[in-house]
Amino acid sequence: MTAIGALIGLLVSVLLIIKKISPAYSLIAGAIVGGLLGGLPLTETVKVMTDGVKDVTPAIIRILTAGVLSGVLIKTGAATTISNAIINTLGEKRVFAALALATMLLCAVGVFIDVAVITVAPIALSIGKRLGLSPSVLLIAMIGGGKCGNIVSPNPNTIIAAENFKADLSSVMFYNILPAIIGLVFTVFVIIRLIPRKLTIVAPGQEEITDDKQLPSLTSSLIAPFVTIILLALRPLAGITIDPLIALPIGGICGILCMKQWKNILPSMEYGLQKMSTVAVLLIGTGTIAGVIKNSTLKDWILQLLEQAHFNEIMIAPVSGALMSAATASTTAGATLASASFAEAILAVGISAAWGAAMINSSATVLDHLPHGSFFHATGGVCELTFKQRLKLIPYETLIGAVLAASTTLLCLVW
């Protein structure tokens, strides 16, 4: 089928999402339009769409089981304990570094980036109120840290990129550690200083954060992510393969037992399942349009454009990740589309599966914050920014994502 049909399908999906229609339905509708306009009959269009969903099914199962870990961290208060500890250790004088690091580590241990920002935001705004800091600057610090943590996490975007490349998840996470550190430093020492004073507004009044006595201890809070990371690291360290489908829920269960909150196991699992179900449904919609794109000549167009622009073939991964994140305004959907559509082409030029997945994962953070996605509105709302104030932060978020993508790509070149 033609690339024009696939592009029109993507455009239809974006327009429907902007019109506040469910992203999953928008993507399915775009896939149907793209298939038909691309020259496929209706029956073949449906077949291509369902084949695309089949490709993401293994990742969907792993993402649903990841809800156990995510739910435990949030419902028990462990995520809040970890973020409080980081901020209290670094102190208010290093508030931007503290906020960025707190959000980064929360994402790195498996918390969704929007949930991580929402978790840290009350602490950030409380400090901002005392110090007279702009909510816009505080939000950029949290988003920058969250993006850095997201590319080294067992979150859906990393899981599905590794799955589509048939790469080891722990290797994909490991390859992005240095880029994440570079991105964190860039956020704290460059981006924060770039934001002009005209963005500075009076911090909104916030209620004081809840009593820390109700939260679990730091040691017990760290058990869940620690066990998960150890289990995932057994393959590169000892040659023992434990699938994320097993490692993520085991980590969550160990954590809740060590926090002595076993009565919260069911509420935590239900909360995590609810959060992950939203992503799973989105991935089903994403899989339909990924199937259409994969069967179109769009990837050939991009390869030809890269060749005419005299770009190295390695640029297929970061360019496709950035473009798909822009189309979907989602790290997960962007990583899904790019890895499902271009994995074969990337592997064909000699790039290893782990590096290909790592580059697409980091480049999916370049434009995942555009206004037709939920992340834009969730993060702006939690910091009480107007639409116009939130819109002005997009260039800075894009710079952070670009640094992450460039760092991973350069490391792949010199590895």
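Reader: Does Trp-415 count as buried or exposed, and at what relative accessibility?

Author: Buried means under 20% relative accessible area, exposed over 50%, and partly exposed in between, with a 1.4 Å probe and protein chains only. Trp-415 has 65% relative accessibility and therefore counts as exposed. This is a predicted model, in which local features need pLDDT of at least 70, side-chain atom pairs count only at pLDDT 80 or more, and totals for chains, interfaces and linings use all residues. Residues are numbered from 1 along each chain as its sequence is written, and side-chain values use heavy atoms, leaving out hydrogens and water.

Reader: How many aromatic pairs does a search of the whole structure find?

Author: Rings of Phe, Tyr and Trp (its six-membered ring) pair if their centres lie within 6.5 Å; planes under 30 degrees apart are stacked, over 60 edge-to-face, and the rest tilted. The search gives four aromatic pairs. One of them is tilted: Tyr-175 with Trp-415, at 5.4 Å centre to centre and 55° between the planes.

Reader: Which parts of the chain does this pair link?

Author: Helices are DSSP runs (H or I, at least four residues), as are strands (E, at least two), numbered from the N terminus. Tyr-175 is in helix 9 (residues 169–175), while Trp-415 lies 240 residues away in the segment after helix 21 (394–414). Tyr-175 counts as buried because its relative accessibility is 18%.

Reader: What geometry do Trp-355 and Trp-415 form?

Author: Their pair is edge-to-face, with 5.4 Å between centres and 65° between the planes.
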